[in-house]
Amino acid sequence: MPEKDYEVGDLKKNKRPQRGGHGPGAMMRTGEKAQDFSQAMKDLASYCRKYAILIFGAVILAAAGTALNVIGPSKLADITDLITAGLRTSIDVDAVVKICVTLAVMYGLGFLFSMLQGLIMADVTQRVSKGLRTEISEKINRLPLSYFDHSSTGDILSRVTNDVDTLSQTLNQSLGTLVASITMFAGSVIMMFITNWIMALVGIAATILGFALMMFIVKRSQKYFTLQQNQLGAIDGHIEEILCRSYHSQGIQW
């Protein structure tokens with residue numbers, strides 16, 4: 001989200017964290033961490049409130065598509081039961097065809113719902129990205145010139161491009177995937193208990209173990225993703241300054 005305005009006096013007092021440096025030998029800035037992650041998520045949710053209807057529709061479509069895909073295997077089991085029972089006498093072809101048609105419709109609707117959900121979320125994320133870039137551009141135009149003496153040009157450009165891209169990609173992929181995963185998990189648990197409760201308990205235990213392992217890895221890897229974005233901004237600033245000096249030495253206006 002665009003940061004609050006900083007006055008010249010604030011910059012002189014170093015109230016804003018220093019980012020980047022000057023010259024090819026500038027040190028990379030240290031990794032920054034959100035002071036209040038929950039508040040940042042609330043701000044993002046508030047910023048996306050104007051697209052609440054589209055996001056809610058995408059969530060419903062993702063849940064419906066996943067639910068249809070979960071129910072599908074049970075219909076395949078019905079077909080197998082009909083064929084197995086028919087081996088002794090005669091196979092009820094009409095019943096098999098009816099279930100096949102139902103199954104085809106279910107998988108078709110599931111694919112359609114998933115595709116629509118992806119299109120809606122792609123549209124929403126592009127709108128959010130455009131709005132963020134517009135507001136960041138307006139904010140940069142309001143900043144005093146002394147701000148740019150404390151931040152390298154490449155670092156500023158990195159925040160406008162790379163950071164916003166990372167946010168939009170996360171928003172595009174995480175919401176639909178989260179809803180689909182939750183629906184898939186709940187539906188799978190129900191179908192597993194219907195089929196065989198012992199195997200269901202084993203599957204749940206394996207899932208819990210997997211989540212514990214995932215949280216263990218994520219907790220220790222998050223700082224490296226933050227450091228990657230910070231170093232990317234520092235590299236952009238370093239390259240920007242080298243090119244600027246090179247062009248100036250050749251008498252070319254940068």
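**Close-up views of a helical chain**

**View A. Cys 100 is partly exposed, at a relative accessible area of 36%.** In the terms of these legends, buried means under 20% relative accessible area, exposed means over 50%, and partly exposed lies in between (1.4 Å probe, protein chains only). Cys 244 is likewise partly exposed, with a relative accessible area of 21%. The structure holds 0 disulfides, a disulfide being a pair of cysteine sulfur atoms within 2.5 Å. The model is predicted: local features need pLDDT of at least 70 and side-chain atom pairs count only at pLDDT 80 or more, whereas totals for chains, interfaces and linings use all residues. Residues are numbered from 1 along each chain as its sequence is written, and side-chain values use heavy atoms, with hydrogens and water left out.

**View B. The chain contains 7 helices and 0 strands.** Helices (H or I, at least four residues) and strands (E, at least two) are DSSP runs, numbered from the N terminus. Of the 254 residues, 26% count as buried. The accessible surface comes to about 17,000 Å², and carbon and sulfur atoms hold 66% of it; the areas follow the Shrake-Rupley method with a 1.4 Å probe, and for residues only the protein chains shown count as cover. Among contacts with a separation of 6 or more, 82% join residues 24 or more positions apart, where contact means heavy atoms within 4.5 Å.

**View C. The largest nonpolar core has 12 residues.** Its members are Leu 44, Tyr 47, Cys 48, Tyr 51, Ile 55, Val 124, Val 128, Leu 132, Ile 136, Val 160, Val 164 and Leu 171. Helices α2 (37-47), α4 (93-142) and α6 (153-195) each contribute at least two residues to this core, and α4 gives the most, with 4 residues. Such a core is a set of buried Ala, Val, Leu, Ile, Met, Phe, Trp, Tyr and Cys residues joined through side-chain atoms within 4.5 Å. Apart from neighbours within four places in sequence, Val 164 is in contact with Ser 129, Leu 132, Arg 133, Ile 136 and Arg 159.

**View D. Gly 72 is located in helix α3 (residues 52-86).** Gly 72 is buried, with a relative accessible area of 0%. Leaving out neighbours within four places in sequence, Gly 72 is in contact with Leu 103, Met 106 and Tyr 107. Its C-alpha atom is separated by 9.3 Å from that of Thr 102, 30 residues apart along the chain. Other buried residues of α3 include Ile 55, Leu 61, Gly 65 and Ile 79. The 35 residues of α3 should span 51 Å at 1.5 Å a residue, and the end C-alpha atoms are 51 Å apart, which agrees; the expected span is 1.5 Å times one less than the number of residues.

**View E. Thr 125 of helix α4 is buried at 3% relative accessibility.** Beyond neighbours within four places in sequence, Thr 125 is in contact with Ser 168, Leu 171 and Asn 172.

**View F. The whole structure contains 2 salt bridges.** A salt bridge is a side-chain nitrogen of Lys or Arg within 4 Å of a carboxyl oxygen of Asp or Glu. One joins the side chains of Asp 123 and Arg 127 (3.1 Å, N to O); being 4 residues apart in α4, the two are separated by about one helical turn. Asp 123 is partly exposed at 34%, as is Arg 127 at 40%. Arg 133 and Asp 165 also meet through their side chains in a salt bridge (2.5 Å, N to O). Arg 133 lies in α4 and Asp 165 in α6, so this pair ties together parts that are 32 residues apart in sequence.
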